[in-house]
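Good morning, colleagues. Please turn to the structure as it comes up.

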Amino acid sequence: MSRVEVFVDAAGVARAAADAFEALLRERGKDGAVLGLATGSTPLPLYRELVRRHREEGLPFAHATSFNLDEYWPIAPDHPRSFARFMDEHLFDHLDLPAARRHIPSGLTPVPGLAAACQDYEAAIAAAGGIDLQVLGIGVNGHIGFNEPGALPGSRTRMVELDDSTRARARGDFGGEEVPARAVTMGLATILEARRILVLATGPDKAAAVAAAIDGPATTALPASWLQQHPDVTWLLDAPAAAAR
Ligand code: GLP
């Protein structure tokens, strides 16, 4: 069953999500929480709030482990638009989360070794004890991570082709440079194994995908609709993102 919470603005969404992270981090303490992290513009206010709580209130990440959903392919980790760089800039450079326990799929693994690298990523999640709390954004086309329409609910970490619409939306970020045509992403089954999932959506662009994912049928046409099958999903929406329900 999905829970849905609606806030007047994106700051309310960020605070609610940060509260869930804080509760988990404090509850796990030295046992170490396992965090599933996302990129995109939507989680930025959450990351700002986590950095603030770390700096001003001493919220500790020293024992945590993190796994990011996805990365463009091919892309170097120091490319300005890589998700590795995004995470450093917006979160990791400002926290005490040890570098050795931050995981992001590599955007540079050559194809011959890629399937093995994806299996290693799944194995690393399992070895960490599974993801306690996964934060997700949602694409306008209903993608989660880079599981585009057509992705199967049993899918695992793998290379995927990006939708033309996804690449078109990313074009501004890449400032004239070509957007990679592919990515490496956790699969839908990988995501659905997280013990708890928070889906963040803000702004009117997301309203149609949010309504269909929560209230419509579970379908491969809309990857986020498979979240209905997870026992502990909370949608944190601002009013514009909730407007089509
Ligand atoms: C990206 C990511 C997704 C993200 C989505 C929405 O490309 N791969 O994980 O949720 O697209 O991005 P935004 O939050 O910027 O709308």
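I shall speak about the ligand and then about the pocket around it.

This is a predicted model, in which local features need pLDDT of at least 70, side-chain atom pairs count only at pLDDT 80 or more, and totals for chains, interfaces and linings use all residues. Residues are numbered from 1 along each chain as its sequence is written, and side-chain values use heavy atoms, with hydrogens and water left out.

Which residues surround the ligand? They are Thr39, Gly40, Ser41, Thr42, Asp70, Gly137, Ile138, His143, Gly145, Phe146 and Lys206, where near means that a heavy atom of the residue lies within 4 Å.

Let me turn to the polar contacts, that is, pairs of N or O atoms within 3.5 Å. A polar side-chain atom of Lys206 lies 2.6 Å from an oxygen atom of the ligand, and a polar backbone atom of Ser41 is 2.8 Å from a ligand oxygen. For Gly145, a backbone N or O atom lies 3.2 Å from a nitrogen atom of the ligand. Of the 390 Å² of accessible area that the ligand has on its own, the protein covers 86% (Shrake-Rupley method, 1.4 Å probe).

Where does the ligand sit? The ligand sits in the largest pocket, with more than half of its atoms within 2 Å of the grid points. A pocket here is an open set of points on a 1 Å grid over the protein atoms alone, where a 1.4 Å probe fits, with protein on both sides within 12 Å along at least five of seven lines; lining residues have an atom within 4 Å of a point. This pocket is lined by 33 residues.

How values were computed:
Polar contact = N/O pair within 3.5 Å; in protein donor to acceptor, adjacent residues only side chain to side chain.
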